[in-house]
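Student: I'd like to learn how to read a structure like this one. Could you walk me through it?

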Amino acid sequence: MSIRERLSGNEAVAVAMRQINPDVMPAFPITPSTEIPQYFSAFVANGQVDTAFVPVESEHSAMSAAIGAEAAGARTLTATSSCGLALMWEELYVAASDRLPIALALVNRALSGPININCDHSDAMGARDAGWIQIFSESNQEAYDNFVQAYRIAEHKDVRLPIMICQDGFITSHAVENIELIEDDKVKAFVGEYCPENYLLNDNGTMAVGPYAIPAYYMETKRAQLEALKNAKKVALEVAEEFEKISGRKYGLFETYKTEDADYIMIIMGSAAGTGKEAVDELRAEGKKVGLLKIRLFRPFPSEEIANAIKHVKYIACMDRTESFNGHSGPIGNDVRTALYNAKADCEVINYVYGIGGRDVTVESLKSVYEALMEIEKTGDVGERYHYLSLRD
Amino acid sequence: MANAVEIRWHGRGGQGAKTASLLLADVAFNTGKFVQGFPEYGPERMGAPITAYNRISDEKIRVHSNIYEPDFVVVVDETLLDSVDVTKGLKKEGAIVINTSQPKEDIIKKLNGYEGKVFTIDARKVSMEALGKYFPNSPMLASIVKVTGIMDEETFLNEMEGSFKHKFASKPEVIEGNMKALRLALQEVK
């Protein structure tokens, strides 16, 4: 029997970490992820876990310590947000290229400036090309479930890459909501012991971590890294299938909601997806053929899979909770358009920047996106393809 | 959210409006509901106006936005009536609960012509009598439970006793005072 609880998203992730009982957690606090190491250090103090908690002096040090611990052979995790992730930038690439399956709880928050503590995805998008697996969560439940699945994906022998489990700052991290927890023993059995093949503290084999690669080797190393990242798609699906057996909850690379017969869909990620489903239901009640696709696995991007799921749809809105400053498209807009172009699909795609710096995302505002798609069909005029949603005049 | 009861709390930083919204989520959760309790975050400081929200439903809650057309509003600090439009979007079939010692007729004048039901409670008086200190949390929580009717009083008091025993495990002496504050508030809110 699962455990019926009510927890904030931060508490939920801290509970998953307690159940996993990792070897090492280096962490430095930053809003809105601070509660995660705060709850976890209480678990350490209470003897509920035997993790070595390392209170470091910066996020740069947190990721450096995580790299050191993971390379030594210890299962390691940390948590951060916004500028904290930005300060880890250099180390994020090192962790990925050294193939260290560190787990990071990212509580998404806008990057400065102007200084802002609220949610958007600009922090995660800054790390988009670092070689980490990135998974986004809609709710406290998904943040918990995704964290329980994290190490099984990251540590898999065909992958061996760091993983970032993202949830929306304040919106889910600080909202108390219902959640179904899995019993401690079941989580422990599911996650299993960490048995790395190669690690620095292994007496039976020496190894080097993070060596210099001359031009004759660098490119091949990166190509191998890409292959491992691509493998995360297959592994994430296998892990999700096993997870369903212990939880009853189904996960894929993405979730489709009423897309089969849809003429208009939006592609979205994170907490606004739930609000979007409500918008879909309200418009469906009026007979409008609308649907939604929520991306769960953002890196690696499930390009062919998404194209196959939506290429029949005529009008698509890609929703980006970040500004890319390329002048025409956000990260999801770019990836979806590339996927559709490669699939030779004939879809009209427009792109919205929404919810940045914590701008509230309402059912009404998301309904207006579908209405804009319907208007394009009616008038035949696409107009601008790049919009800001709920922008004040 | 057609099937959810939506509540908006207005308070000042440090008065515990956020805590009260989380306590309401807790007690509704304990009676088998789906709940959301969340504050609206900004630059926080003692005394600044803050807003917190609840959704309470028999069905799973998917919406993650603030609440603009609440069924109920709770005002923890009456001085906010001069600076915050507390009845903004409030449904007229709903109600507002205000912590004040003033007569209801005087308070209604400050509500921009709100047509729905208005309830008042002197949470300071209740709190001083029950606890000897001013904590508006418990009286306001009891008031909104009574006004919304989301659970019967007996269930509410039993659930709260359980959670106080858990919350105040290290200082059981305050449990009786808080229970008294809840019981008094259930009678006093009008």
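Tutor: Let's begin with a word we'll need: two residues are in contact if their C-beta atoms, placed from the backbone, lie within 7 Å. Keep in mind, too, that this is a predicted model.

Student: Does Pro32(A) count as buried or exposed?

Tutor: The cut-off for buried is 20 or more other C-beta atoms within 10 Å. Pro32(A) has 26 C-beta neighbours inside 10 Å, so it counts as buried.

Student: How much of chain A is buried?

Tutor: Buried residues make up 54% of the 393 residues in chain A. Contacts give another overall view: of those in chain A between residues at least 6 apart in sequence, 81% join residues at least 24 apart.

Student: How many helices and strands does chain A have?

Tutor: Chain A has 13 helices and 15 strands. Its radius of gyration is 21 Å, close to the 21 Å that the globule rule gives for 393 residues, so chain A is as compact as a globular protein of that length. Along the principal axes, its C-alpha atoms fill a box of roughly 70 × 55 × 45 Å.

Student: Now for strands. How do I read the two faces?

Tutor: Here's the general idea: in a regular strand the side chains alternate between the two faces of the sheet. Now take strand β13 (residues 315-320) of chain A. On one side you find Tyr315(A), Ala317(A) and Met319(A), on the other Ile316(A), Cys318(A) and Asp320(A), and these are all buried, so both faces are covered. With 6 of its 6 residues buried, β13(A) is largely enclosed by the rest of the structure.

Student: Which strands are joined to β13(A) by bridges?

Tutor: Strand β10 (residues 264-268) of chain A runs parallel to β13(A), with 4 bridges joining them. There, Tyr264(A) stands opposite Tyr315(A). Strand β14 (residues 348-353) of chain A is also parallel to β13(A), and 6 bridges join that pair. The bridge partner of Met319(A) in β14(A) is Tyr352(A). To get from β13(A) to β14(A), the chain crosses through helix α12 (residues 331-342) of chain A, and this β-α-β crossover is right-handed.

Student: And helices? Which residues of helix α5 (residues 89-97) of chain A are buried?

Tutor: They are Glu91(A), Leu92(A), Ala95(A) and Ala96(A). These residues cover an arc of only 135° around the axis, which puts them on the same side of α5(A). They pack against α3 (59-72) and α9 (215-247) of chain A. After α5(A) comes Arg99(A), whose phi is positive, near 60°.

Student: Which domains does the assignment give for chain A?

Tutor: Domain 1 (3-247) and domain 2 (254-388). Their centres, taken over C-alpha atoms, are separated by 28 Å. The contact takes 25 residues from domain 1 of chain A and 20 residues from domain 2 of chain A. On the domain 1 side, α6 (122-126), β6 (133-136) and α9 of chain A each supply at least two residues. The largest share of that side, 5 residues, comes from α9(A).

Note on methods
Residues numbered from 1 in each chain as written. Chains lettered and ligands numbered in written order. Predicted model: local features only at pLDDT ≥ 70, side-chain atom pairs only at ≥ 80, totals over all residues. Buried ≥ 20, exposed ≤ 12 C-beta atoms within 10 Å, placed from the backbone. Pairing = 2+ DSSP bridges. Right-handed = clockwise from strand over helix to strand, strands pointing away. Rg over C-alpha atoms; globule rule 2.2 N^0.38 Å. Arc of directions from axis to C-beta. Domains from an automatic or database assignment.
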